[in-house]
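Thanks for making the time this morning.

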Amino acid sequence: MPDTLTDPRDRPATGDPGSWWRQAAVYQIYPRSFADANGDGIGDLAGITERIGYLRDLGIDAVWLSPFYPSALADGGYDVDDYRDVDPRLGTLADFDSMTSALHAANIKLIVDIVPNHTSDRHEWFREALASPRGSSARNRYIFRDGLGVDGSLPPADWVSAFGGPAWEPVGDGQWYLHYFATEQPDLNWKNPEVREDFLKTLRFWSDRGVDGFRVDVAHGCAKELPEVLPSQAELDALDATTGQHPLWDRDEVHEIYAEWRSVFNEYSPPRTAVAEAWVATPDRRHRYASIDGLGQAFNFDLLEADFDAASFRGIITSNLAQSARTGSSTTWVFSNHDVVRHATRYALPPRGSSTEKQGASWLLTGGTAPVLDIEGGLRRARAATLLMLGLPGSAYLYQGEELGLQEVADIPDAERQDPSFFRNPGVDVGRDGCRVPLPWKRSGPSFGFGATGAHLPQPGWFSDFSVEAEEDDTTSTLAFYRQALALRKDLQTVESLEWIDSDETVLHYVRPGGWSVVANFGTRDAPLPAGEVLIASSPVGEGRLPSETAVWLKTPSAQGSRLRSSGRCRRSTPGSRHRRPRRY
Ligand code: GLC
Ligand code: CA
């Protein structure tokens with residue numbers, strides 16, 4: 001592991017303009033559900049611009065904007081009709097420019113979502129492909145195959161799409177196209193140089209407009225190598241996904257695409273950044289996406305998938321910091337996004353493996369009778385986990401509404417659901433609409449201040465107490481807690497390292513350079529609170545005691561603080577302290 005001052009992890013948090021992303025707090029906006037400026041029930045870009053003050057006061061470093069491109073919304077905007085325009089329902093390119101300038105004026109960077117694995121079926125390329133014969137160059141931008149059977153009326157393979165249902169769709173002339181996601185999302189053929197060129201054009205289009213980075217959707221899916229005789233779904237499932245040779249996923253040559261993208265990013269000053277959404281088999285495979293010759297960073301979903309458990313958290317933190325050190329990247333941390341049940345609700349479910357557990361978070365997603373949720377405990381655990389996470393080296397990805405402590409909205413009537421995974425899995429999966437309900441800004445009024453009229457997904461009555469208005473003036477609110485934590489984080493983050501202090505199996509304790517430390521009690525009983533001034537706590541703490549399911553940040557007593565400051569990274573244990581053996585990742 002490199003340990004010199006040229007190691008990017010040794011750069012101060014705010015020094016090099018090209019390193020802004022390394023420890024950034026990035027706030028994900030799902031634009032259709034954030035704020036509706038023109039009162040048509042759909043959030044829009046002008047709504048974001050109007051709320052820049054809120055984002056600034058929250059203390060985030062960057063916004064990640066989910067797709068805002070023209071789309072029929074077959075998959076919440078991840079079905080893109082045109083990569084270089086704005087959905088007219090969300091605004092215009094001029095609105096985009098105003099939003100970008102307003103964000104930059106507030107010192108907030110902008111990351112946009114880019115969706116390279118598939119277009120929508122309304123994209124001009126796909127329309128042209130449908131209107132063109134088999135074997136045409138228009139069809140060669142996608143993945144077409146002849147159907148089986150004498151007349152091609154049988155699918156080329158029995159593959160199942162990510163949202164359920166078949167992954168091949170007939171086009172009426174004996175040919176079928178591959179759509180790994182919804183039918184309306186035909187997969188692109190990345191062997192086609194025209195596809196490659198067009199995405200480079202898109203990257204330059206947004207970079208020229210001042211975008212600071214890209215979140216790359218399904219980054220592990222672009223390179224595909226389909227054999228002449230297609231394997232069955234069962235055969236696909238049985239393949240080893242870690243070899244780089246799987247026909248569909250995480251193929252080694254996918255990195256050639258991102259090396260080309262990197263050369264575009266590096267045309268800009270500071271270079272544009274990127275973060276891969278890559279659901280791959282191992283952390284080792286994931287970190288290839290985070291290479292400095294590639295996208296530079298990759299989502300690490302490990303904490304998101306973990307139970308609220310000290311040992312699991314520690315193992316995940318240690319291995320991800322080690323992996324990112326190997327690639328020179330910084331790791332990412334995330335608990336919630338637009339694809340998963342909100343973490344306050346996941347932590348409110350009966351623990352996995354407990355006698356009261358049914359199917360964990362999937363119980364909510366299956367739309368079964370709502371399990372008994374421990375709402376208060378869920379939020380307490382979510383706040384503790386978040387505070388532990390915000391203290392870590394690396395960048396923190398936050399999802400709109402988590403700063404309000406929002407729970408998943410579980411009881412959306414079927415008739416109002418929008419997510420394709422609901423429609424493609426009747427009775428099995430209620431989909432992801434429950435975390436995409438428009439935000440409550442006001443205690444009351446139409447759509448709780450989201451807009452002047454209604455909201456495109458129904459908001460429950462309890463949103464009132466979780467509204468920005470209700471939380472703004474309450475010093476104990478989750479909003480106040482996030483604001484305080486993010487402000488402190490900005491002040492405290494220095495070089496990217498931590499040391500573990502051993503405590504017991506339910507308490508995690510780590511020290512950061514610069515004289516601060518983070519202690520989290522995952523247990524159900526209180527624990528001794530180490531010495532130091534409490535800077536912030538996820539729940540109220542008593543004198544000398546750290547309550548159960550609570551995390552704190554401590555200003556470390558000066559001797560230790562100055563030692564950390566002077567050495568930058570410490571490897572040795574504190575002499576004579578058996579119980580406080582520091583361990584570096
Ligand atoms: C990603 C997105 C998800 C979308 C899918 C297909 O996983 O996060 O929302 O449905 O890609 O584009
Ligand atoms: Ca609107």
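Let me begin with Ser 336, which counts as buried because its relative accessibility is 2%, where buried means under 20% relative accessible area, exposed over 50% and partly exposed in between, computed with a 1.4 Å probe and protein chains only. Before I go on, a word on provenance: this is a predicted model, in which local features need pLDDT of at least 70 and side-chain atom pairs count only at pLDDT 80 or more, while totals for chains, interfaces and linings use all residues. Residues are numbered from 1 along each chain as its sequence is written, chains are lettered from A and ligands numbered from 1 in the order in which they are written, and side-chain values use heavy atoms, with hydrogens and water left out.

Ser 336 sits in the loop that runs between β9 (332-334) and α11 (343-346); helices (H or I, at least four residues) and strands (E, at least two) are DSSP runs numbered from the N terminus. Its side chain makes a polar contact of 2.7 Å with the side chain of His 343, a polar contact being a pair of N or O atoms within 3.5 Å, where within protein one must be able to donate a hydrogen and the other to accept it, and residues adjacent in sequence count only if both atoms are side-chain atoms. Beyond four places in sequence, the residues in contact with Ser 336 (heavy atoms within 4.5 Å) include Leu 304, Tyr 399 and Glu 402.

Now to the sheet: seven strands, paired in parallel, form an open sheet in the order β8-β7-β3-β2-β1-β10-β9, and strands pair if DSSP finds at least two bridges between them. β8 (273-276) and β9 are at the edges with a single partner strand each, so one side of each has no neighbour in the sheet. For β9, three bridges in the parallel sense link it with β10 (residues 395-399), and Val 334 stands opposite Tyr 397 in β10.
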